[in-house]
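Subject: Structure handover

Hello,

Here is the structure you will be working with. My notes on it come after the structure itself.

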Amino acid sequence: MRTSDVSITDASVDFDHVALAHPLMISGRAIDGFTFTRVRLEAKRRDGASAEGQGTTIFSVPWSWPRSELSVAERDARMRELTLRLIAAARGHEPMDPVQLWRRLYGDLDRSSAAAAGEEAMPRLAALLALGAVDSAVHDAWAKAAGTPAHLLYTSDHLSEDLSFVGSHQLVGAYPSDFLTEPKPRLPIQHLVGTGDPLYPQEAARGESSLVDWLKTDRPQFLKVKTSGASVAEDAERIARVRQAAASVGLDPALSVDPNEAYADTRQLADLLDHLERRRVVISFIEQPFPRGMDAPGLAGVRTRVPILLDEGFTRIDDLQTLAERGWSGVVIKTAKGQTPALLAHSFARAIGCAVTLQDLTTVDAALEHSARLASVFSLDSPHFECNSRQYAPSGNDALARRRPGLVEVVDGFISVSEPQPGIY
């Protein structure tokens, strides 16, 4: 038993709709808004100390639950119902550390999501987003009750077990803190180029910013290019045009590519790389080129040319154990799934030497703050911080701009991260 263990004594949740300033296109699917979920809970330590914590997530339904007979609103409602069920389950446990509690809730997640979803099975990815806000709120309250920034508590003094349960012998006797760094005060941003985003001012609609406009203002060192998958040649041309747009304003940013599951096989991916080589375009990594859950024979051969990272397909911690044998180079972390899986994925990747990066889900307000805090203490293969809400949902950050202006004000390609406070923010 540890004095720092907590039990959840009270909890509530708010759901708010955030409208995008303009749609974000993902493999032909338009996202024009999402639910911002904020869980608040009270945690009590074994020694009687207590604190309130909050956890946030984004219910991006077209991303997490893309195919269904249900409407987007109905799917969103079922994710809300699952959040309520998980909050109730968290309140029913004895004192423990946040990772222990997450493991209990995670182990029962399929049953909980089935009860919330009713007649149609909820995808695991959607269920993880519902769990994410609850998990992060527990970490926040736990650390606030200890009066300490959370990243300093992930040691044997405060966690009941090491990381060996994740499934690697390199993690025997290891704890998340072993893989964290000193907080970085600044983070280089990654700018997102959507499939429908205009590249030059003359291509932009009235009141719309083009990529060149953004590059001139924010001067990012990293660009992520979304591709449609309709034509490999057209995708390669689009990526090349993005590089040319950057060059036109004197920038040479690192390029990554995100097809969002649009390619059917490794042959298409190899063709894309061939097209890019002919255009002398270098890319840093590719995210989830194939549909989630699909095996991709020959992927190990392609990854010798460029790292291929698992994103939407990363829905179970066991997925980490089979990354290499399935051909993947590494994994993408999204804090919307919660603090615990982010810590576990980061620790696993660093322990076995596979690639790891942290990406966005159009996080706003405290969700953006949470993501930036973890990025500041993670050791990532690409140091960028994606904060695409400044492009697609800037109004969602109005309160954050007053509270933490450095997180939303880009200066020469960087945002500023304040000194860590007790909790996860």
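This is a predicted model: local features need pLDDT of at least 70, side-chain atom pairs count only at pLDDT 80 or more; totals for chains, interfaces and linings use all residues.

Residues are numbered from 1 along each chain as its sequence is written, and side-chain values use heavy atoms, with hydrogens and water left out.

Aromatic rings

The whole structure has three aromatic pairs (rings of Phe, Tyr and Trp, the last by its six-membered ring, with centres within 6.5 Å; planes under 30 degrees apart are stacked, over 60 edge-to-face, the rest tilted). In one of them, the ring centres of tryptophan 102 and tyrosine 106 are 4.3 Å apart and the planes are at 20 degrees, so this pair is stacked. Both residues belong to helix α3 (residues 98-107), four residues apart, or about one turn of the helix. Helices (H or I, at least four residues) and strands (E, at least two) are DSSP runs, numbered from the N terminus. Tryptophan 102 is buried at 2% relative accessible area, and tyrosine 106 is buried at 16% (buried is under 20%, exposed over 50%, partly exposed in between, with a 1.4 Å probe and protein chains only).

Arginine 124 lies over the face of tyrosine 106, 4.6 Å from the ring centre. The charged end of arginine 103 sits over the ring of phenylalanine 165, at 3.8 Å from its centre. The rule here is NZ of Lys or CZ of Arg within 6 Å of the ring centre and within 35 degrees of the ring normal.

Salt bridges

There are 31 salt bridges in the structure (a side-chain nitrogen of Lys or Arg within 4 Å of a carboxyl oxygen of Asp or Glu). Lysine 224 pairs with glutamate 386, with the closest N and O atoms 3.1 Å apart. Lysine 224 is in strand β5 and glutamate 386 in strand β11 (residues 385-386), so the bridge ties together parts 162 residues apart in sequence. Both partners, lysine 224 and glutamate 386, are buried.

Arginine 111 bridges to aspartate 108, with 2.8 Å between the closest N and O atoms. Here arginine 111 is exposed, at 53% relative accessibility, whereas aspartate 108 is partly exposed, at 29%.

On a 1 Å grid over the protein atoms alone, a cavity is a set of points where a 1.4 Å probe fits but cannot get out; a pocket is an open set with protein on both sides within 12 Å along at least five of seven lines; lining residues have an atom within 4 Å of a point. Points are joined across faces, edges and corners, and a volume is the space filled by probe spheres set on the points.

There are seven cavities of 30 Å³ or more.

The largest pocket holds about 170 Å³ of space. Of its 14 lining residues, His22, Glu208, Ser209, Trp214 and Gln391 lie nearest the centre. The largest share of the lining of this pocket, three residues, comes from β4.

Regards
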